[in-house]
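Let's take a walk through this protein together, one region at a time. Have the viewer open and follow along as the landmarks come up.

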Amino acid sequence: MPPQSTANAALSVVVETRRRLTPDIVELVLTPPGGSALPTWAPGAHIDVDVPGIGPRQYSLCSSPADNDRYRIAVLREIDGRGGSITLHESVVVGDELRISMPRNNFALADADRHVFVAGGIGITPLLPMIADLASRDSEWELHYGGRSEESMAYLDELRDHGARVHVRPQDRLGPLPVADILADAGPGTRVYCCGPAGLIAAVEDLAGPDVAVHTERFTPKQIVEDDGARAFTVCLASSGLTVDVGADQSILDALEAVGVSPVTSCREGTCASCETGVLEGEIVHRDSVLTAAERQAGRSMMVCVSRAASDRLVLDL
């Protein structure tokens with residue numbers, strides 16, 4: 001049975017145009033019916049698209065935040081995925097109506113003396129509005145963009161307008177991105193933004209110096225390492241006092257839904273942050289791919305779709 005539409009799929013849009021960017025990437029431009037304005041957003045934001053018959057899938061907004069008349073997304077066809085991208089490639093056409101969420105941003109652009117962008121494949125999409133924003137302010141930035149081949153890399157013509165700040169590296173001709181060299185002169189005033197395959201993100205995180213702020217956006221969750229979360233525990237909902245048992249092989253989200261409590265959720269794999277929930281008491285085993293190390297250390301919130309308890313009891317701000 002297909003997943004149900006989520007509570008945060010709140011907006012109706014129409015597919016205004018679709019354009020094939022590469023053999024495996026299609027661009028969709030979404031506009032509101034009736035000509036109303038879409039909600040504002042900032043570079044780094046993404047939306048959930050409620051894919052017909054499949055359920056919600058997350059896509060980065062890669063249009064201009066100044067344009068409230070339309071949203072632009074680019075969809076990579078994933079043969080081994082969960083079906084959402086194939087449906088958008090093969091079944092959704094111009095004129096179709098879709099439901100989407102309000103924009104959310106877990107990858108916001110912050111001020112810095114210098115920005116270094118590292119993109120792999122479809123990971124270029126959230127970086128495009130960031131680059132346009134910095135370019136409009138004449139800020140210091142550079143982009144390193146890798147892909148299997150130039151044929152597979154979207155938006156090259158758009159990016160080449162920025163000249164020498166953009167470094168394009170097709171792997172079939174030049175090899176993988178030289179992450180160590182890219183980060184060699186990154187210092188305390190540098191912010192690094194990386195989006196792409198898990199291996200590229202891991203390399204950037206490993207090779208960036210301790211004084212360099214690294215921001216990442218993941219399309220797939222981090223691999224879970226051994227932790228102490230494979231145990232039963234209880235959660236208490238602060239607003240009602242309801243106590244819910246969570247089994248060792250059950251997520252908090254599943255346990256809550258089983259008793260009729262339905263937090264907003266989308267990805268169910270710890271990457272979108274839609275189910276982030278405040279924690280008032282207890283110790284957390286974080287398994288998400290969103291929170292920073294400082295946020296995990298603070299222990300004030302968790303993603304109830306994947307994260308668990310290290311203590312026997314958690315009190316949630318629900």
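Where is the place of R268? In this predicted model, R268 sits in the loop that links helix 7 (252-258) to strand 14 (276-281). What makes R268 worth a stop is its backbone: its phi is positive, about 60°, although the residue is not a glycine. Most residues other than glycine have a negative phi.

You will find Y155 in the loop between strand 8 and helix 3. With a relative accessible area of 7%, Y155 is buried.

Now zoom out for the overall layout. The protein chain splits into domain 1 (8-99), domain 2 (112-215) and domain 3 (231-314). Taken over C-alpha atoms, the centres of domain 2 and domain 3 are 33 Å apart.

Next, turn to the open sheet of 6 strands, whose order is 4-3-6-1-2-5 with antiparallel pairing. Strand 4 (55-60) and strand 5 (71-76) each have a single partner strand, so they stand at the edges and one side of each is left without a neighbour in the sheet. On average, neighbouring strands here are turned by 40° against each other, direction ignored. Inside this sheet, look at strand 1 (residues 11-22) and strand 2 (residues 25-31): they run antiparallel and are joined by 7 bridges.

Helix 2 (residues 127-136) comes next. Its buried residues include L127, L128, P129 and M130, and I131 and L134 are buried as well. What do the buried residues of helix 2 pack against? Their neighbours are strand 5, strand 7, strand 8 (141-147), helix 3 (156-160) and strand 10. Just after the helix, D138 takes a positive phi of about 55°.

Aromatic rings make the next stop. The structure holds 2 aromatic pairs. In one of them, F107 and Y193, the ring centres are 5.5 Å apart and the planes meet at 65°, so the pair is edge-to-face. F107 lies in the loop between strand 6 (97-100) and strand 7 (114-120), while Y193 belongs to strand 10 (residues 190-195), so this pair ties together parts that are 86 residues apart in sequence. Both F107 and Y193 are buried. Y193 also pairs with F117: here the centres are 5.8 Å apart and the planes are at 40°, so the pair is tilted. Because F117 lies in strand 7 and Y193 in strand 10, this contact ties together parts that are 76 residues apart in sequence. F117 is buried too, as is Y193. Put together, F107, F117 and Y193 form one aromatic cluster.

Our last stop is a hairpin. Strand 12 (residues 233-237) and strand 13 run antiparallel, with 4 bridges joining them. V235 has V244 of strand 13 as its bridge partner. Between the two strands of this hairpin are 5 residues, and G241 takes a positive phi near 80° there. Which face of strand 13 is covered, and which uncovered? In strand 13 (residues 243-246), V244 and V246 make up the covered face, whereas T243 and D245 make up the uncovered one.

Definitions and conventions. Residues are numbered from 1 along each chain as its sequence is written. This is a predicted model: local features need pLDDT of at least 70, side-chain atom pairs count only at pLDDT 80 or more; totals for chains, interfaces and linings use all residues. Side-chain values use heavy atoms; hydrogens and water are left out. Domain bounds come from an automatic or database domain assignment. Buried means under 20% relative accessible area, exposed over 50%, partly exposed in between (1.4 Å probe, protein chains only). Two strands pair if DSSP finds at least two bridges between them. Rings of Phe, Tyr and Trp (its six-membered ring) pair if their centres lie within 6.5 Å; planes under 30 degrees apart count as stacked, over 60 as edge-to-face and the rest as tilted. Axes are lines fitted to C-alpha atoms, for helices over the stretch in contact, and angles run from 0 to 180 degrees between N-to-C directions. Contact means heavy atoms within 4.5 Å.
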